[in-house]
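Biologist: Hi! Could you walk me through this structure in plain words?
Modeller: Happy to, let's look at it together.

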Amino acid sequence: MNIYLDRYKAVLCDLDGCLISGNMVLPGARELVARFGDRLIAVSNNSTDTPITLSHRLAELGLSISAGRIVLAGSTAIDILAREFSGARVAIFGSPAIRSYAEASGLVLADMDAELVLLTRDVGFSYEGLTQISNMVRSGASLFVANLDGTHPAQDGGVVPETGALLAAVATCLPNLRYRSIGKPDEVMFKLALELSGATAQEAVFIGDNPDTDGEGARRMNIAFAHIGGSLFTTVQDLVMTSD
Ligand SMILES: [Mg+2]
């Protein structure tokens with residue numbers, strides 16, 4: 001099935017592996033943003049940035065996507081916790097940007113005796129942190145995770161360990177671990193992206209490079225999926241050219 005982007009009211013697009021890889025802009029990304037920016041929503045399992053910090057980082061790379069058009073797993077998890085558990089004590093394992101975002105959202109940050117634990121891609125994750133999470137959850141705290149991804153691709157072709165890899169360490173300590181994951185393929189970020197765009201699922205297309213998260217989430221939502229790195233489109237460039 002060919003995909004003509006012009007047909008869609010909303011163009012939802014993954015970031016890593018589609019528009020950028022680390023600090024490298026991928027082929028076709030600038031063209032996609034220039035041509036479809038007014039209907040583009042970026043949807044990423046990123047849990048180290050907030051929409052504002054990411055929008056700034058993208059601007060430095062020459063990609064103009066406003067914070068209001070960026071849906072991220074880490075900040076969406078915090079939005080959900082702030083809405084559903086207002087005033088709760090939350091232990092957050094994540095970047096300074098994520099912790100500040102949580103505080104600004106009205107969550108009470110706690111290092112121990114938390115009612116909720118949020119695990120994101122915490123690059124400072126430590127043995128001590130693993131001990132804290134495991135014991136807080138064992139004592140009854142509810143665990144939320146930004147996403148279940150094991151890795152994402154590094155700019156040099158290597159792998160960047162993701163939140164799912166950290167979750168695996170916790171799951172090894174607590175074999176019957178229960179948790180809620182916010183990131184793709186869960187529907188919550190897809191629904192949010194549609195709301196922001198004002199489009200229905202049938203009026204939207206999702207561009208992504210990961211069939212297990214991007215593709216599976218789009219399938220659950222009945223949104224058309226353009227698989228970057230699949231048989232039709234090697235890069236976003238191919239997809240943009242198809243739409244000429
Ligand atoms: Mg990706």
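Modeller: What follows is a chat about the domains, a few residues, the cysteines and the salt bridges of this predicted model.

Biologist: Great. Which domains is the chain divided into?
Modeller: Domain 1 is made of residues 5-45 plus 184-242, and domain 2 covers 76-179. Their C-alpha centres are 26 Å apart.

Biologist: How many residues does each domain bring to the contact?
Modeller: Domain 1 brings 11 residues to it and domain 2 brings eight residues.

Biologist: And how much area do domain 1 and domain 2 bury between them?
Modeller: About 740 Å², with 51% of it on carbon and sulfur atoms. On the domain 1 side, Asp-16, Ser-21 and Asn-45 supply 45% of the area buried against domain 2, more than any other three residues.

Biologist: How many salt bridges and polar contacts cross that interface?
Modeller: Zero salt bridges are found between domain 1 and domain 2. Polar contacts do turn up there, in three residue pairs. Helix H7, residues 188-197, gives the most to the side of domain 1 that touches domain 2, with three residues.

Biologist: New topic: where is Asp-14?
Modeller: Asp-14 sits in the loop between strand E1 (10-13) and strand E2 (20-21).

Biologist: Is Asp-14 buried or exposed?
Modeller: Asp-14 counts as buried, because its relative accessible area is 5% and the cut-off for buried is under 20%.

Biologist: What does the side chain of Asp-14 pair up with?
Modeller: The side chain of Asp-14 makes a polar contact of 2.9 Å with that of Lys-184. Leaving out residues up to four places away in sequence, Asp-14 also touches others, including Leu-19, Val-43, Phe-206 and Asp-214.

Biologist: What about Ala-199, where does that one lie?
Modeller: Ala-199 is in the loop between H7 and strand E13 (204-208). Ala-199 is buried, at a relative accessible area of 9%.

Biologist: Which residues is Ala-199 in contact with?
Modeller: Apart from neighbours within four places in sequence, Ala-199 contacts Lys-9, Ala-10 and Leu-194. Lys-9 is 190 residues away from Ala-199 along the chain, yet their C-alpha atoms are separated by 6.2 Å.

Biologist: Let's switch to cysteines. How many disulfides are in the whole structure?
Modeller: A search of the whole structure finds zero. In case the word is new, a disulfide is a covalent bond between the sulfur atoms of two cysteines.

Biologist: Are Cys-18 and Cys-173 buried or partly exposed?
Modeller: Cys-18 is buried, at 1% relative accessibility, whereas Cys-173 is partly exposed, at 40%.

Biologist: Last topic: how many salt bridges does the structure hold?
Modeller: The structure holds 10 salt bridges. One of them pairs Arg-35 with Asp-6, with the closest N and O atoms 3.9 Å apart. That pair links distant parts of the chain: Arg-35 is in helix H1 (residues 29-36) and Asp-6 is in the segment before E1, 29 residues apart. Arg-35 is partly exposed at 35% relative accessibility, and Asp-6 is partly exposed at 44%.

Biologist: And which residues does Arg-220 meet in salt bridges?
Modeller: Arg-220 meets Glu-187, at 3.7 Å from N to O, and Glu-216, at 2.9 Å. Glu-216 and Arg-220 both lie in helix H8, four residues apart, about one turn of the helix.

Biologist: Which residues make up the network of salt bridges?
Modeller: Glu-187, Glu-216, Arg-219 and Arg-220 are linked in it. Among them, Glu-187 is partly exposed at 25% relative accessible area, Glu-216 is partly exposed at 21%, and Arg-220 is partly exposed at 39%.

Biologist: Thanks, that helps a lot!

Terms used. Residues are numbered from 1 along each chain as its sequence is written. This is a predicted model: local features need pLDDT of at least 70, side-chain atom pairs count only at pLDDT 80 or more; totals for chains, interfaces and linings use all residues. Side-chain values use heavy atoms; hydrogens and water are left out. Helices (H or I, at least four residues) and strands (E, at least two) are DSSP runs, numbered from the N terminus. Buried means under 20% relative accessible area, exposed over 50%, partly exposed in between (1.4 Å probe, protein chains only). A polar contact is a pair of N or O atoms within 3.5 Å; within protein, one must be able to donate a hydrogen and the other to accept it, and residues adjacent in sequence count only if both atoms are side-chain atoms. Contact means heavy atoms within 4.5 Å. A disulfide is a pair of cysteine sulfur atoms within 2.5 Å. Domain bounds come from an automatic or database domain assignment. Buried area is the accessible area (1.4 Å probe) that two parts lose on being put together, summed over both. A salt bridge is a side-chain nitrogen of Lys or Arg within 4 Å of a carboxyl oxygen of Asp or Glu.
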